[in-house]
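This briefing concerns a predicted model. Please consult the sequence and structure shown below before reading the points that follow.

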Amino acid sequence: MTEYHRLVGRYVPVPARGSVRVMTTQVRPRTFGDPDVLEVREVAEPEPGDGQVRVAVHAIDVNPWDVTSYSGRAGTDPTLLDGLGSGVSGTVSAVGPGVEAYEPGDPVTTRRVDGSSYASDVLVAEADLLPMPAGTSYETTAALFLKGGTAAHLLEATALTAGETVLVHGGAGGAGTMAVQLAVLAGARVIATAGARNADYLISLGATPVTYGEGLADRVRGAAPDGVDVAFDLVGTDEAVAVSLELVADLRRIATVVRFDAAGEHGFRALGYGPGGELGSDVRAAAAPELLRLHALGRLRVEIRHAYPLVQAARAHRDLETGHGRGALVLIARPEHG
Ligand SMILES: NC(=O)c1ccc[n+]([C@@H]2O[C@H](COP(=O)([O-])OP(=O)(O)OC[C@H]3O[C@@H](n4cnc5c(N)ncnc54)[C@H](OP(=O)(O)O)[C@@H]3O)[C@@H](O)[C@H]2O)c1
């Protein structure tokens, strides 16, 4: 066991079969449970098929769903253990038959990979790749798409327009950071909730900060005397649900990405994967190039709270499970990419 693998404590060697094979590092849950079930494995480097590109990964996006999927909280369908993650950034290391737009060495980013993204080498459909614009980083582009696509879906589903006031519950988190900024870019007035230590951060994103906790509805009324048109729930507390229902008259303009149960009960919108949720796959896919364009222009910031080595994915997941902090977490598969 190398020092690299000792960091996470579990290393499952894959015996070489036949001729010498190039191996790649992968992290996956061995069963359902807490982050201790994540194990580091060496597997054969994948070979790109028709229309696929192999990416030597530098940075990997980390999201709450990654933890939820193997926690048992989303059920115990064995396919939930098959693939963690979403976006990655890195460089092209090989292309399959029919791939024309990319060649080895190209810096690229993607919102999804074919299989699990928690790996140092992944396969991506050519159509899902985007070239990394000059001036962007592997870390920030990897963290852009799932959170930004979710935010774009929230704006689209609630038809938020310029001049309106939106309340963003959980504005300082990874997805909340995107929702606040896209709403500001759309010309809306943004009131966002967070703990007191994230107030300055929310101001820096263009929002009026309001601390969550008892009395939230009155504090929001104080910050928005003309009323609230739209509410985005990115935290899922009973408080967020109750305050949204109290302050927003039109149920179709309240959207949660967490509380599918409450949305069903009260008749407001639930977005994403869950009971009764609107998947919004087209909206989220279509948002990717625009998110990257805005980011490259410096108009959409991605705050990286911490970057963990890929083999420390369990630590990253424990960090995420605290439910507090600001911005995004990423994993680094190849520190030497810089
Ligand atoms: N359905 C979908 O498509 C979809 C997509 C993406 C995310 N999600 C869900 O959306 C949620 C947020 O995701 P994320 O990536 O933004 O998570 P995250 O980065 O872990 O969110 C943490 C943030 O939540 C804030 N927070 C904690 N308790 C709060 C409260 N009571 N009121 C307001 N804010 C509070 C924290 O602020 P403080 O540190 O200041 O306490 C922190 O900034 C997760 O539940 C995730 O599963 C769903």
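Six strands form an open sheet in the order S11-S10-S9-S12-S13-S14, with parallel pairing. Its edges are strand S11 (208-211) and strand S14 (269-270), each of which pairs on one side only.

**Sheet**
- Strands are DSSP runs of E with at least two residues, numbered from the N terminus, and two strands pair if DSSP finds at least two bridges between them.
- Strand S12 (residues 230-233) pairs with strand S13 (residues 254-256) in the parallel sense over three bridges.
- Ala231 has Ile254 in S13 as its bridge partner.

**Domains**
- The assignment, automatic or from a database, gives domain 1 (3-143 + 303-337) and domain 2 (146-281).
- The C-alpha centres of domain 1 and domain 2 are 29 Å apart.

**Interface between the domains**
- Contact (heavy atoms within 4.5 Å) involves 12 residues of domain 1 and 11 residues of domain 2.
- Domain 1 and domain 2 bury about 980 Å² between them, with 47% of it on carbon and sulfur atoms; buried area is the accessible area (1.4 Å probe) that two parts lose on being put together, summed over both.
- One salt bridge (a side-chain nitrogen of Lys or Arg within 4 Å of a carboxyl oxygen of Asp or Glu) is counted between domain 1 and domain 2.
- Lys147 and Asp61 meet through their side chains in a salt bridge at 2.9 Å, N to O.

**Basis of the values**
- Residues are numbered from 1 along each chain as its sequence is written, and side-chain values use heavy atoms, leaving out hydrogens and water.
- In this predicted model, local features need pLDDT of at least 70 and side-chain atom pairs count only at pLDDT 80 or more, whereas totals for chains, interfaces and linings use all residues.

How values were computed: Helix = DSSP H or I, 4+ residues; strand = E, 2+ residues; numbered from the N terminus.
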